[in-house]
Amino acid sequence: MRTPSRRALLGAGIAVAGSGLLSACATGTTGSVPHSATDDLNGTDPSHGPDGHTPSGYVSPDGPEVAEAERRRGSGPVRHFSLTAAETRIDLGGRTVKTWAYGDELPGKEMRVTAGERIALTLANHLPQSTTLHWHGLTVRNDMDGVPGLTQRSVKPGGSFDYHFAVTTPGTHWVHPHSGLQLDRGMYAPLIVDDPREPLSYDKEWVVLLDDWLDGVDGSTPDAVLKELHGGVDRGGMNHAERDMGHEAKRGGGGGQHAQGGAAPADGPSRILKGARSKLLGHDAGDVDHPYHLVNGRTTHDPRTFRARPGDRIRIRFINAGSETAYRVALGGHRMTVTHTDGFPVEHAETDALLLGMAERYDVLVTAGDGVFPLTVLAEGKGRSALALLRTGSGGAPSASTRPKNLYGRLLTADRFRAAESVRSVSRRPDRTLEMTLTGTMEKYDWAINGSPYTPSQRYPVEAGERVRIIFRNHTRMWHPMHLHGHTFALPDGGPRKDTTILLPGRRVSVDFDADNPGLWMVHCHNVYHSESGMMTIIGYRKK
């Protein structure tokens, strides 16, 4: 009898642990033996129930504790939205692909609310596959978090789901699915939460989403790429689209080389990337060769143009919506003043360039010069790039090969910033420490946390009111952007408040968060090929 895979469990939406809404029936470990339950204050191993079944004694996503936490957030005006997930054709700028998206736009239409309001959104699923919606960066009530098989049932083809919750914290955020590899299609959109007491002064705002793209290019699909990464073995438990690949999109510059032989598909090009190197990322930059990189849905062949006047003060909100690529970003001829990361203010700092891991966001201010300037986006270590233009005057557009000198100037990473005083965490000894060691290799593609690939029954226990420290250790040769749902954490020594942080190979980082949002919350790598291979786990609030 076949054991359900991690993705089958996620996609089926078969259990919400302890919930009166859904039955708790998630089983199966896909090759890992569940650890015995532990509930001491310093945990390395996750708790499991008997025989891998959902453990008892944890707050349910639709439990009274969750409802009470939501009640305390208040009941402001309601903003109504709708999203339809559907198959469509998208013009990327010189290349039209068949993909999945929210409506017929890439990115999906921007959603904007003000902190203190409530969101009411209906997600309609017109896809051939189940889906959900995750609110990345928002502190939502647990049953609205959009994780199938954990916080809600999957939205089946032809079905719909109503999301409704309070929004309390301003910032630059975004939405995307949390089902399989759907993020590596066209399913993402910006979500901007305005501050009713906005302290910044600026004339214009530019929301910039960065993405790596392969879906629909010469027959490629994300699921086929994951199968290739697994050596041609389908470990996903879901139907993989057939590939009818032709020629690969033309490469732009140096970087890594394609893998040859092995599990490469017989009917088209390999999408495995070998030799992608970056000192900034600790050596190996990535494993997937996305043939295109996009700024707001467009390739370098037909880039987006943002128009302003010379002297305008522009707020740029950067969002890395990519699946497997870190981006180095610079605006030619301009220095950037960084004001926020992952939606939270930092002490302002000037930089020439920024590095964004997957799911990270940065807000910057620039004062526009006179002319036409390239917003150059390097796929770090991969030898490809993306482009947009800032136009404030006459002149010819810079070419796609333009590399402004500030791209290689002063570059700030998250550990160089300090949280603004208004959001800085009060110093406090942790009540509980959770140790999470990242494990796995490219050869086996067996990514995991503490050697245990994901199952929905895993629990790292915490209790409401605790200051919790997560110690991440990276014992792999790859970098990983680690993301915590439902909370923000503080980097050490007064560092910024974030929900996603880059962990380089061989490094360790400790992050602290306050357990103030009850429920079951995922911790995972935001490289979707790593998370889908097992680098995910769950923090669970114990019932009192």
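Predicted model: local features only at pLDDT ≥ 70, side-chain atom pairs only at ≥ 80, totals over all residues.
## Basis of the model

Local features need pLDDT of at least 70, side-chain atom pairs count only at pLDDT 80 or more, and totals for chains, interfaces and linings use all residues. Residues are numbered from 1 along each chain as its sequence is written, and side-chain values use heavy atoms, with hydrogens and water left out.

## The largest pocket

The largest pocket has a volume of about 500 Å³. A pocket here is an open set of points on a 1 Å grid over the protein atoms alone, where a 1.4 Å probe fits, with protein on both sides within 12 Å along at least five of seven lines. Lining residues have an atom within 4 Å of a point. The volume is the space filled by probe spheres set on the points, which are joined across faces, edges and corners.

There are 23 lining residues. Closest to the centre are Thr413, Ala414, Asp415, Thr501 and Ile502. By class, 13 are nonpolar, three polar and seven charged. Nonpolar means Ala, Val, Leu, Ile, Met, Phe, Trp, Tyr, Cys and Pro; charged means Asp, Glu, Lys and Arg; the others, Gly among them, are polar.

β33 (500-503) and β34 (508-514) each supply at least two lining residues. β33 gives the most, with three. Strands are DSSP runs (E, at least two residues) and helices are runs of H or I (at least four), numbered from the N terminus.

## Thr501

Thr501 sits in strand β33. Thr501 is buried, with a relative accessible area of 5%. Buried means under 20%, exposed over 50%, and partly exposed in between, with a 1.4 Å probe and protein chains only.

Beyond its neighbours within four places in sequence, Thr501 is in contact with Glu360, His480, Pro481, Met482, Phe489 and Leu491. Contact means heavy atoms within 4.5 Å.

## The second largest pocket

This pocket holds about 430 Å³ of space. Its lining has 25 residues, with Thr139, His487, Thr488, Arg497 and Asp516 nearest the centre. The lining divides into eight nonpolar, 10 polar and seven charged residues.

α2 (64-72), β31 (489-490) and β34 each supply at least two of the lining residues. β34 gives the most, with three.

## Helix α2

The buried residues of α2 are Val66, Ala69 and Glu70. Seen down the helix axis, they fall within an arc of 100 degrees, so they line one face. The arc is that of the directions from the axis to the C-beta atoms. Their cover includes β5 (118-126) and β7 (160-166).

The face turned away from the buried side carries the exposed residues Pro64, Arg71 and Arg72. Gly74 follows α2, with a positive phi near 95 degrees.
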